[in-house]
Amino acid sequence: MVKKLLVIIPCYNEEDSIEALLKQLQALNLSPKWHLEIAVVNDCSKDKTLEKVAPFNIHLIDLPINLGIGGAVQSGLKFAYANNFDFAVQMDGDGQHPPQELIKLLNASETTAANLIIGSRFIEKTGFQSSFIRRIGINYFHILNKIFTGKSIYDSTSGFRLFDKKAIALTVKNYPDEYPEPETLVLFAKAGLKIHETPVIMAARMAGESSINSTASVYYCFKVTLAMFFTFIRKIQ
């Protein structure tokens, strides 16, 4: 049976990278058992992202206001749910997630039957490993996630993720609005979903700068820690 797969690409000012990424995705050679479609979620970009995306035969979700990464990803997941996709994969629009690595997530899904597959930089420690400051934060969230979920997830901030139907359905009602990756692991674990981490090779971003600078990192850690705690103690509907 052919499985429908939606690649969700949240974009905010990715004019310098999105065109190359879409070309690579459309050239990807997947097994015939997978039917791949692409949805770009334009999070109210102020550059030429829309112009770069327009010529491609893809789904375009053009948000009228900026929702942030959580809202943009959830918009794509709601689209996947409404259109009965079997799987959805979150992939950054800045080129950090090479399309060829998607095959590793699909293979891991078939061998583990996990509801959420996380593409991890830190299992085999190959490819781009992020900055030293960010790795400190990632190690912190590794410890925090182990406390809240009982699971050792080494790349809990990874935005390269494959969701199955159960995971997609859960995100339609429950999804963090800002810096969602570590918090969603607590959410999925509480819901009894199976989480698996598989090694992938990531690249440095093609262009632009991250919104999380050294000053924002302190706010990021504080906010996400609180969010993970409240997700841990609240009832999931």
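This report describes a helix, a pocket and a set of salt bridges in a predicted model.

## Helix α3

Helix α3 comprises the 15 residues 68–82. At 1.5 Å a residue, this helix should span 21 Å, and the separation of its end C-alpha atoms, 21 Å, agrees with that expectation. Asparagine 84 follows α3 and has a positive phi, near 60°.

The buried residues of the helix are Gly68, Gly70, Gly71, Ala72, Val73, Gln74, Ser75, Gly76, Leu77 and Ala80. These buried residues pack against the strands β1 (3–11), β2 (34–42), β3 (59–62), β4 (87–90) and β6 (161–164), and also against helix α6 (165–173).

## The second largest pocket

The volume of the second largest pocket is about 170 Å³. Its lining consists of Leu25, Gln26, Leu28, Leu30, Trp34, Leu36, Glu37, Ile38, Asn57, Ile58 and His59. By type, the lining residues divide into 7 nonpolar, 3 polar and 1 charged.

Helix α1 (18–26) and strand β2 each supply at least two residues of this lining. Strand β2 gives the most, with 4 residues.

## Salt bridges around glutamate 110

The whole structure holds 7 salt bridges. Among them is the one between the side chains of glutamate 110 and lysine 3, with an N to O distance of 3.9 Å. Because glutamate 110 lies in helix α4 (residues 102–112) and lysine 3 in strand β1, this pair ties together parts that are 107 residues apart in sequence.

Glutamate 110 also forms a salt bridge with lysine 33, where the closest N and O atoms are 3.2 Å apart. Lysine 33 belongs to the loop between α1 and β2, whereas glutamate 110 is in helix α4, so the pair ties together parts 77 residues apart in sequence. Glutamate 110 counts as partly exposed, at 36% relative accessibility. Lysine 3, at 24%, counts as partly exposed, and lysine 33, at 35%, also counts as partly exposed.

Since lysine 165 lies in helix α6 and aspartate 86 in the loop between α3 and β4, the pair ties together parts that are 79 residues apart in sequence.

The two partners fall into opposite sides of the burial cut-off, since buried means under 20% relative accessible area. Lysine 165, at 40% relative accessibility, counts as partly exposed, whereas aspartate 86, at 19%, counts as buried.

Key. Residues numbered from 1 in each chain as written. Predicted model: local features only at pLDDT ≥ 70, side-chain atom pairs only at ≥ 80, totals over all residues. Heavy atoms only, no water. Expected span 1.5 Å × (residues − 1). Buried < 20%, exposed > 50% of the residue type's maximum accessible area, 1.4 Å probe, protein only. Contact = heavy atoms within 4.5 Å. 1 Å grid on protein atoms, 1.4 Å probe; cavity = no way out; pocket = protein on both sides within 12 Å on 5 of 7 lines; lining within 4 Å. Points joined across faces, edges and corners; volume = space filled by probe spheres on them. Nonpolar A, V, L, I, M, F, W, Y, C, P; charged D, E, K, R; others polar. Salt bridge = Lys/Arg side-chain N within 4 Å of Asp/Glu carboxyl O.
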